[in-house]
Amino acid sequence: MISQAIQWTCETNSKTARVSLWARIGWFSLFQMNLLAMTLMASFVFAQSEVEQRLDARRAFGYLEEICKLGSRPSASEGMTQQQELIVEHFTKLKANVSFQEFDTPHPKKGTPVRMRNLIVSWHPQAKERVLLCCHYDTRPFPDRDPFRPKGTFIGANDGASGVALFMEMGHSLPKLNPTYGVDMVFFDGEEFIFERDGGKYFLGSEYFSQQYRDRPPAHRYVCGVLVDMIGDKNLSIPQEKNSLKFAPELTRSIWETARALGIKEFVAKPKIEINDDHIPLNEIAKIPTTDLIDFDYPAWHTTKDKPSECSGTSLVKVARVLLTWLEQVPKEVGR
Ligand SMILES: [Zn+2]
(Lines give C-alpha, C1' and ligand atoms only; values in the text may rest on other atoms or scores of the structure.)
Protein backbone atom coordinates (compact mmCIF):
# COMPACT_ATOMS: atom_id res chain seq x y z
CA MET A 1 0.00 0.00 0.00
CA ILE A 2 2.70 2.42 0.99
CA SER A 3 4.83 1.65 -2.04
CA GLN A 4 1.91 2.66 -4.26
CA ALA A 5 1.50 5.95 -2.37
CA ILE A 6 5.18 6.79 -2.74
CA GLN A 7 5.15 5.78 -6.38
CA TRP A 8 2.23 8.09 -7.02
CA THR A 9 4.05 11.01 -5.37
CA CYS A 10 7.14 10.33 -7.49
CA GLU A 11 5.14 10.03 -10.69
CA THR A 12 3.41 13.31 -9.93
CA ASN A 13 6.82 14.89 -9.47
CA SER A 14 8.04 13.77 -12.86
CA LYS A 15 5.15 15.18 -14.85
CA THR A 16 6.14 17.94 -17.29
CA ALA A 17 3.31 20.12 -16.05
CA ARG A 18 4.99 20.01 -12.68
CA VAL A 19 5.05 23.76 -12.04
CA SER A 20 1.38 24.42 -12.68
CA LEU A 21 0.40 21.31 -10.78
CA TRP A 22 2.49 22.31 -7.79
CA ALA A 23 1.10 25.82 -7.93
CA ARG A 24 -2.36 24.31 -7.83
CA ILE A 25 -1.84 21.90 -4.96
CA GLY A 26 0.33 24.34 -2.97
CA TRP A 27 2.82 23.67 -0.24
CA PHE A 28 0.16 23.04 2.37
CA SER A 29 -1.30 20.19 0.29
CA LEU A 30 2.19 18.88 -0.27
CA PHE A 31 2.67 18.87 3.49
CA GLN A 32 -0.62 16.98 3.85
CA MET A 33 0.49 14.45 1.24
CA ASN A 34 3.74 13.88 3.06
CA LEU A 35 1.82 13.49 6.28
CA LEU A 36 -0.44 10.93 4.57
CA ALA A 37 2.58 9.06 3.22
CA MET A 38 4.19 9.03 6.65
CA THR A 39 0.98 7.80 8.26
CA LEU A 40 0.66 5.03 5.67
CA MET A 41 4.30 4.11 6.19
CA ALA A 42 3.80 4.00 9.96
CA SER A 43 0.73 1.77 9.58
CA PHE A 44 2.71 -0.49 7.22
CA VAL A 45 5.53 -0.84 9.74
CA PHE A 46 2.96 -1.50 12.44
CA ALA A 47 1.24 -4.14 10.29
CA GLN A 48 4.61 -5.77 9.63
CA SER A 49 5.55 -5.89 13.29
CA GLU A 50 2.08 -7.20 14.12
CA VAL A 51 2.71 -10.16 11.81
CA GLU A 52 6.06 -10.77 13.45
CA GLN A 53 4.66 -10.45 16.95
CA ARG A 54 2.14 -13.15 16.27
CA LEU A 55 4.89 -15.55 15.26
CA ASP A 56 6.30 -17.48 18.16
CA ALA A 57 9.17 -19.94 17.62
CA ARG A 58 8.51 -21.76 20.88
CA ARG A 59 4.82 -22.20 20.10
CA ALA A 60 5.63 -23.36 16.54
CA PHE A 61 8.06 -25.95 17.90
CA GLY A 62 5.39 -26.98 20.43
CA TYR A 63 3.05 -27.80 17.53
CA LEU A 64 5.75 -29.91 15.89
CA GLU A 65 6.32 -31.81 19.15
CA GLU A 66 2.60 -32.28 19.70
CA ILE A 67 2.22 -33.84 16.25
CA CYS A 68 5.25 -36.09 16.74
CA LYS A 69 3.90 -37.31 20.07
CA LEU A 70 1.05 -38.93 18.12
CA GLY A 71 3.65 -41.37 16.76
CA SER A 72 3.88 -42.38 13.11
CA ARG A 73 1.13 -40.97 10.93
CA PRO A 74 0.90 -42.86 7.64
CA SER A 75 -2.28 -42.58 5.55
CA ALA A 76 -5.35 -44.16 7.20
CA SER A 77 -3.50 -44.89 10.47
CA GLU A 78 -4.65 -44.13 14.02
CA GLY A 79 -1.89 -41.51 14.26
CA MET A 80 -3.22 -39.83 11.11
CA THR A 81 -6.78 -39.76 12.49
CA GLN A 82 -5.55 -38.11 15.70
CA GLN A 83 -3.52 -35.61 13.69
CA GLN A 84 -6.60 -34.75 11.61
CA GLU A 85 -8.59 -34.10 14.79
CA LEU A 86 -5.79 -31.88 16.11
CA ILE A 87 -5.58 -29.83 12.90
CA VAL A 88 -9.36 -29.46 12.55
CA GLU A 89 -9.67 -28.28 16.16
CA HIS A 90 -6.77 -25.83 15.80
CA PHE A 91 -8.04 -24.10 12.66
CA THR A 92 -11.70 -24.18 13.70
CA LYS A 93 -10.72 -22.25 16.83
CA LEU A 94 -8.96 -19.71 14.58
CA LYS A 95 -12.22 -19.36 12.59
CA ALA A 96 -10.96 -20.77 9.29
CA ASN A 97 -13.17 -22.97 7.06
CA VAL A 98 -12.03 -26.58 7.34
CA SER A 99 -13.05 -29.38 4.98
CA PHE A 100 -11.86 -32.74 3.68
CA GLN A 101 -11.47 -34.02 0.15
CA GLU A 102 -11.70 -37.82 0.28
CA PHE A 103 -11.01 -40.66 -2.12
CA ASP A 104 -10.05 -44.32 -2.04
CA THR A 105 -6.86 -45.82 -3.34
CA PRO A 106 -5.82 -49.50 -3.43
CA HIS A 107 -3.36 -50.47 -0.72
CA PRO A 108 0.03 -50.92 -2.43
CA LYS A 109 0.57 -54.34 -0.82
CA LYS A 110 -2.89 -55.72 -0.02
CA GLY A 111 -4.95 -54.18 -2.83
CA THR A 112 -7.82 -53.34 -0.44
CA PRO A 113 -9.26 -49.79 -0.58
CA VAL A 114 -7.60 -47.20 1.64
CA ARG A 115 -9.37 -43.95 2.43
CA MET A 116 -7.25 -40.90 1.69
CA ARG A 117 -8.18 -37.49 3.08
CA ASN A 118 -6.75 -34.20 1.90
CA LEU A 119 -7.52 -31.51 4.45
CA ILE A 120 -8.34 -27.99 3.25
CA VAL A 121 -8.21 -24.90 5.46
CA SER A 122 -9.62 -21.77 3.79
CA TRP A 123 -9.08 -18.13 4.75
CA HIS A 124 -11.03 -15.25 3.19
CA PRO A 125 -13.28 -17.84 1.45
CA GLN A 126 -15.14 -15.19 -0.57
CA ALA A 127 -12.02 -14.38 -2.67
CA LYS A 128 -12.31 -15.91 -6.13
CA GLU A 129 -8.59 -15.66 -6.82
CA ARG A 130 -6.56 -17.63 -4.33
CA VAL A 131 -3.08 -18.78 -3.36
CA LEU A 132 -2.56 -22.42 -2.50
CA LEU A 133 -0.19 -23.14 0.40
CA CYS A 134 0.42 -26.86 0.76
CA CYS A 135 2.37 -29.60 2.49
CA HIS A 136 2.00 -33.33 2.99
CA TYR A 137 0.84 -34.53 6.38
CA ASP A 138 1.21 -38.28 6.04
CA THR A 139 4.45 -39.91 7.14
CA ARG A 140 6.30 -42.68 5.36
CA PRO A 141 5.20 -46.05 6.82
CA PHE A 142 8.77 -47.09 7.66
CA PRO A 143 12.16 -45.38 8.07
CA ASP A 144 13.56 -47.48 5.23
CA ARG A 145 16.83 -45.56 4.93
CA ASP A 146 17.71 -46.26 8.53
CA PRO A 147 20.85 -48.42 8.52
CA PHE A 148 19.90 -50.19 11.78
CA ARG A 149 16.11 -50.15 12.06
CA PRO A 150 14.53 -49.87 8.60
CA LYS A 151 11.32 -51.42 9.99
CA GLY A 152 11.33 -49.19 13.09
CA THR A 153 8.94 -46.33 13.89
CA PHE A 154 9.14 -43.32 11.61
CA ILE A 155 8.16 -40.08 13.36
CA GLY A 156 8.74 -37.66 10.48
CA ALA A 157 9.43 -34.52 12.52
CA ASN A 158 10.82 -32.68 9.52
CA ASP A 159 9.41 -34.93 6.77
CA GLY A 160 5.75 -34.58 7.71
CA ALA A 161 5.23 -32.56 10.90
CA SER A 162 7.22 -29.46 9.90
CA GLY A 163 4.77 -28.30 7.22
CA VAL A 164 1.79 -28.87 9.50
CA ALA A 165 3.44 -26.99 12.41
CA LEU A 166 4.36 -24.13 10.06
CA PHE A 167 0.77 -23.70 8.88
CA MET A 168 -0.57 -24.04 12.44
CA GLU A 169 1.74 -21.22 13.52
CA MET A 170 0.86 -19.09 10.48
CA GLY A 171 -2.80 -19.64 11.36
CA HIS A 172 -2.44 -17.14 14.21
CA SER A 173 -1.49 -14.41 11.70
CA LEU A 174 -3.90 -15.20 8.87
CA PRO A 175 -7.10 -13.72 10.38
CA LYS A 176 -5.53 -10.23 10.57
CA LEU A 177 -3.45 -10.51 7.42
CA ASN A 178 -4.38 -8.47 4.35
CA PRO A 179 -3.27 -10.89 1.62
CA THR A 180 -3.26 -10.06 -2.09
CA TYR A 181 -5.39 -13.16 -2.74
CA GLY A 182 -7.51 -15.54 -0.69
CA VAL A 183 -5.47 -18.28 0.95
CA ASP A 184 -6.07 -22.04 1.13
CA MET A 185 -3.82 -24.30 3.16
CA VAL A 186 -4.02 -27.84 1.80
CA PHE A 187 -2.59 -30.82 3.69
CA PHE A 188 -2.02 -33.63 1.20
CA ASP A 189 -2.48 -37.23 2.18
CA GLY A 190 -0.64 -40.12 0.50
CA GLU A 191 2.50 -38.22 -0.44
CA GLU A 192 4.53 -41.29 0.43
CA PHE A 193 2.31 -44.26 1.11
CA ILE A 194 5.33 -46.27 0.09
CA PHE A 195 6.29 -49.69 1.37
CA GLU A 196 9.34 -50.35 -0.78
CA ARG A 197 12.45 -48.26 -0.64
CA ASP A 198 12.74 -47.89 -4.41
CA GLY A 199 9.41 -47.85 -6.18
CA GLY A 200 5.74 -47.27 -5.54
CA LYS A 201 3.38 -44.46 -6.34
CA TYR A 202 3.95 -41.12 -4.65
CA PHE A 203 1.81 -37.95 -4.50
CA LEU A 204 -1.62 -39.65 -4.34
CA GLY A 205 -3.30 -36.73 -2.56
CA SER A 206 -1.86 -33.95 -4.67
CA GLU A 207 -2.57 -35.90 -7.86
CA TYR A 208 -6.23 -36.41 -6.92
CA PHE A 209 -6.54 -32.76 -5.87
CA SER A 210 -5.05 -31.66 -9.22
CA GLN A 211 -7.31 -33.94 -11.27
CA GLN A 212 -10.39 -32.66 -9.45
CA TYR A 213 -9.30 -29.07 -10.01
CA ARG A 214 -8.82 -29.77 -13.72
CA ASP A 215 -11.96 -31.91 -14.28
CA ARG A 216 -14.41 -30.19 -11.90
CA PRO A 217 -13.19 -26.61 -11.75
CA PRO A 218 -14.27 -24.87 -8.54
CA ALA A 219 -15.74 -21.35 -8.40
CA HIS A 220 -12.30 -20.00 -7.48
CA ARG A 221 -9.00 -19.98 -9.32
CA TYR A 222 -5.59 -20.64 -7.86
CA VAL A 223 -3.25 -17.91 -9.04
CA CYS A 224 -0.25 -19.90 -7.80
CA GLY A 225 0.85 -22.43 -5.20
CA VAL A 226 3.63 -22.78 -2.64
CA LEU A 227 4.56 -26.23 -1.40
CA VAL A 228 6.65 -26.65 1.74
CA ASP A 229 8.47 -29.86 2.62
CA MET A 230 11.16 -30.46 5.24
CA ILE A 231 11.42 -26.80 6.27
CA GLY A 232 11.91 -27.43 10.00
CA ASP A 233 15.59 -28.49 9.84
CA LYS A 234 17.56 -26.81 12.64
CA ASN A 235 20.33 -26.22 10.05
CA LEU A 236 17.96 -24.62 7.57
CA SER A 237 19.05 -23.89 4.01
CA ILE A 238 16.50 -23.59 1.22
CA PRO A 239 17.99 -23.31 -2.26
CA GLN A 240 15.78 -22.80 -5.33
CA GLU A 241 14.47 -26.13 -6.57
CA LYS A 242 14.98 -26.67 -10.30
CA ASN A 243 11.51 -27.93 -11.24
CA SER A 244 10.07 -24.89 -9.46
CA LEU A 245 12.26 -22.61 -11.56
CA LYS A 246 11.11 -24.44 -14.69
CA PHE A 247 7.37 -24.34 -13.95
CA ALA A 248 7.06 -21.17 -11.87
CA PRO A 249 10.12 -18.93 -12.33
CA GLU A 250 8.52 -15.56 -11.40
CA LEU A 251 6.82 -17.03 -8.36
CA THR A 252 10.00 -18.76 -7.18
CA ARG A 253 12.12 -15.64 -7.57
CA SER A 254 9.50 -13.45 -5.86
CA ILE A 255 9.63 -15.59 -2.71
CA TRP A 256 13.42 -15.55 -2.54
CA GLU A 257 13.32 -11.81 -3.18
CA THR A 258 10.98 -11.38 -0.20
CA ALA A 259 13.42 -13.40 1.96
CA ARG A 260 16.32 -11.25 0.76
CA ALA A 261 14.44 -8.06 1.63
CA LEU A 262 13.75 -9.46 5.10
CA GLY A 263 17.40 -10.48 5.54
CA ILE A 264 16.51 -14.18 5.92
CA LYS A 265 19.67 -15.79 4.62
CA GLU A 266 18.42 -19.37 4.92
CA PHE A 267 16.69 -18.79 1.58
CA VAL A 268 19.60 -19.22 -0.82
CA ALA A 269 18.76 -17.67 -4.18
CA LYS A 270 20.60 -20.28 -6.25
CA PRO A 271 19.30 -23.38 -8.02
CA LYS A 272 20.62 -26.52 -6.37
CA ILE A 273 18.63 -29.70 -6.74
CA GLU A 274 15.78 -31.08 -8.86
CA ILE A 275 13.07 -32.75 -6.82
CA ASN A 276 9.86 -34.57 -7.61
CA ASP A 277 7.36 -33.58 -5.00
CA ASP A 278 3.67 -32.67 -4.67
CA HIS A 279 4.28 -29.59 -6.83
CA ILE A 280 4.69 -31.74 -9.97
CA PRO A 281 0.99 -32.79 -10.29
CA LEU A 282 -0.08 -29.25 -9.34
CA ASN A 283 2.03 -27.83 -12.16
CA GLU A 284 1.44 -30.55 -14.74
CA ILE A 285 -2.18 -31.61 -14.14
CA ALA A 286 -3.82 -28.62 -12.43
CA LYS A 287 -1.60 -26.11 -14.28
CA ILE A 288 -1.22 -24.11 -11.08
CA PRO A 289 2.27 -22.57 -11.13
CA THR A 290 3.66 -24.00 -7.91
CA THR A 291 7.05 -23.72 -6.26
CA ASP A 292 8.60 -26.10 -3.73
CA LEU A 293 10.38 -24.79 -0.64
CA ILE A 294 12.45 -27.76 0.44
CA ASP A 295 15.65 -28.28 2.43
CA PHE A 296 16.79 -31.60 1.09
CA ASP A 297 20.14 -31.46 2.86
CA TYR A 298 18.92 -33.42 5.87
CA PRO A 299 20.95 -36.42 7.08
CA ALA A 300 18.03 -37.82 9.13
CA TRP A 301 15.85 -38.16 6.02
CA HIS A 302 13.77 -41.40 6.12
CA THR A 303 15.52 -42.65 9.25
CA THR A 304 14.48 -43.04 12.90
CA LYS A 305 16.55 -39.91 13.59
CA ASP A 306 13.98 -37.61 11.96
CA LYS A 307 12.83 -36.39 15.37
CA PRO A 308 12.02 -32.97 16.93
CA SER A 309 15.64 -32.74 18.17
CA GLU A 310 16.70 -32.28 14.50
CA CYS A 311 14.24 -29.41 14.04
CA SER A 312 13.87 -25.87 15.30
CA GLY A 313 11.03 -23.44 15.93
CA THR A 314 13.28 -20.62 14.74
CA SER A 315 13.49 -22.27 11.30
CA LEU A 316 9.70 -22.62 11.15
CA VAL A 317 9.18 -18.99 12.07
CA LYS A 318 11.67 -17.79 9.46
CA VAL A 319 9.73 -19.60 6.72
CA ALA A 320 6.45 -18.29 8.18
CA ARG A 321 7.75 -14.72 8.11
CA VAL A 322 8.76 -14.97 4.46
CA LEU A 323 5.43 -16.49 3.43
CA LEU A 324 3.26 -14.07 5.43
CA THR A 325 5.14 -11.06 4.06
CA TRP A 326 4.99 -12.47 0.54
CA LEU A 327 1.23 -13.17 0.81
CA GLU A 328 0.65 -9.44 1.31
CA GLN A 329 2.66 -8.45 -1.74
CA VAL A 330 2.30 -11.16 -4.39
CA PRO A 331 3.61 -9.56 -7.59
CA LYS A 332 1.10 -9.15 -10.42
CA GLU A 333 3.14 -11.15 -12.94
CA VAL A 334 3.05 -14.25 -10.73
CA GLY A 335 0.63 -16.83 -12.06
CA ARG A 336 -0.54 -14.89 -15.11
ZN1 LIG B 1 9.72 -38.44 2.79
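This is a predicted model: local features need pLDDT of at least 70, side-chain atom pairs count only at pLDDT 80 or more; totals for chains, interfaces and linings use all residues.
Reader: How many bridges join β3 to β5, and do the two run parallel or antiparallel?

Author: Strands count as paired when at least two bridges link them. Here β3 and β5 (residues 221-229) are joined by 6 bridges and run parallel.

Reader: Which residue stands opposite Arg-130 in β4?

Author: Gly-182 stands opposite Arg-130. β4 (residues 182-188) pairs with β3 over 7 bridges, also in the parallel sense. Between β3 and β4 the chain passes through helix α5 (residues 157-170), and this β-α-β crossover is right-handed.

Reader: Why is β3 described as largely enclosed?

Author: A residue is called buried if 20 or more other C-beta atoms lie within 10 Å of its own. In β3 (residues 129-136), 7 of the 8 residues are buried, so the strand is largely enclosed by the rest of the structure.

Reader: Which residues have the most contacts inside the largest nonpolar core?

Author: In soluble globular proteins, nonpolar side chains tend to be buried together. In this model the largest nonpolar core has 80 residues, and Leu-64, Val-164, Ala-165 and Leu-323 have the most contacts inside it. Helix α10 (residues 313-327) supplies the largest share of this core, 9 residues. Leaving aside residues up to four places away in sequence, Val-164 touches Ile-67, Ile-87, Cys-135, Tyr-137 and Phe-187.

Reader: Where is the pLDDT below 50?

Author: pLDDT is the predictor's confidence in each residue. The chain averages 87, with 84% of the residues at 70 or above. Residues 1-31 are below 50, and this stretch has 14 contacts beyond near neighbours in sequence. Residues 39-46 also stay under 50, with 6 contacts beyond four places in sequence.

Technical notes:
Residues are numbered from 1 along each chain as its sequence is written. A residue is buried if 20 or more other C-beta atoms lie within 10 Å of its own, exposed if 12 or fewer, and partly exposed in between; C-beta atoms are placed from the backbone. Helices (H or I, at least four residues) and strands (E, at least two) are DSSP runs, numbered from the N terminus. A crossover is right-handed if, with the strands pointing away from the viewer, the path from the first strand over the helix to the second runs clockwise. A nonpolar core is a set of buried Ala, Val, Leu, Ile, Met, Phe, Trp, Tyr and Cys residues joined through C-beta atoms within 7 Å. Two residues are in contact if their C-beta atoms, placed from the backbone, lie within 7 Å. pLDDT is the predictor's confidence in each residue, from 0 to 100.
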